[in-house]
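Subject: Handover of a protein model

Dear colleague,

Please find the structure for your review below. A summary of the findings follows it.

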Amino acid sequence: MASVFTKAFPAAVKEIRLHLSPSGAPSAGARQFLSSHYKSIKSSNPSLPFLIREAQNTPARVFVRFERGVEKNAEIDGLEASAVEKKISDLLA
């Protein structure tokens, strides 16, 4: 089964933003997700802004902004990379 991250996202997706701690243990899954999937996401969606915001002691969260300013978010603090992948997939659905 192909990953959702190897295909172009729907046109309604305007931005993906990840907030995480650059060294905190609870953000480890988010960092692992980035190292595994960032390249395939950007190659499949080259014009989509994929923003990474790092700040010490920040709880890991993901935000997906859609057309007309609609925004969905999820807490990903303390999750493993596979759970982060599932949360982001759910937000994109």
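Leaving aside its neighbours within four places in sequence, with which residues is Glu 67 in contact?

The model is predicted, so local features are reported only at pLDDT of at least 70 and side-chain atom pairs only at pLDDT 80 or more, whereas totals for chains, interfaces and linings use all residues. Residues are numbered from 1 along each chain as its sequence is written, and side-chain values use heavy atoms, with hydrogens and water left out.

Overall architecture

The protein chain contains 2 helices and 4 strands, arranged along the sequence as β-α-β-β-β-α. Its radius of gyration is 12 Å, close to the 12 Å that the globule rule gives for 93 residues, so the chain is as compact as a globular protein of that length. This radius is taken over C-alpha atoms, and the rule is 2.2 Å times the number of residues to the power 0.38. Helices (H or I, at least four residues) and strands (E, at least two) are DSSP runs, numbered from the N terminus. The C-alpha trace spans about 35 × 30 × 20 Å along its principal axes.

Contact means heavy atoms within 4.5 Å. Among contacts between residues at least 6 apart in sequence, 68% join residues at least 24 apart.

Of the 93 residues, 34% are buried. Buried means under 20% relative accessible area, exposed over 50%, and partly exposed in between (1.4 Å probe, protein chains only).

Not counting residues up to four places away in sequence, Leu 92 touches Phe 5, Phe 9, Val 13, Ile 16 and Val 64.

His 37 is in helix α1 and counts as buried, at 15% relative accessibility. Beyond its neighbours within four places in sequence, His 37 is in contact with Ser 3, Phe 5 and Glu 85.

Loop residues

To return to the opening question, Glu 67 is in contact with Ala 12 and Lys 14. Glu 67 lies in the loop between β3 and β4 and is partly exposed, at 43% relative accessibility. Although 55 residues separate Glu 67 and Ala 12 in sequence, their C-alpha atoms are 5.2 Å apart in space.

Arg 68 is in the loop between β3 and β4 (71–75) and is exposed, with a relative accessible area of 83%. Arg 68 has a phi near 65 degrees, a positive value in a residue other than glycine. Arg 68 and Ser 35 are 33 residues apart in sequence and 30 Å apart in space, C-alpha to C-alpha.

Asn 57, in the loop between β2 (50–54) and β3, also has a positive phi, near 60 degrees. Its relative accessible area is 76%, and Asn 57 is therefore exposed.

Yours sincerely
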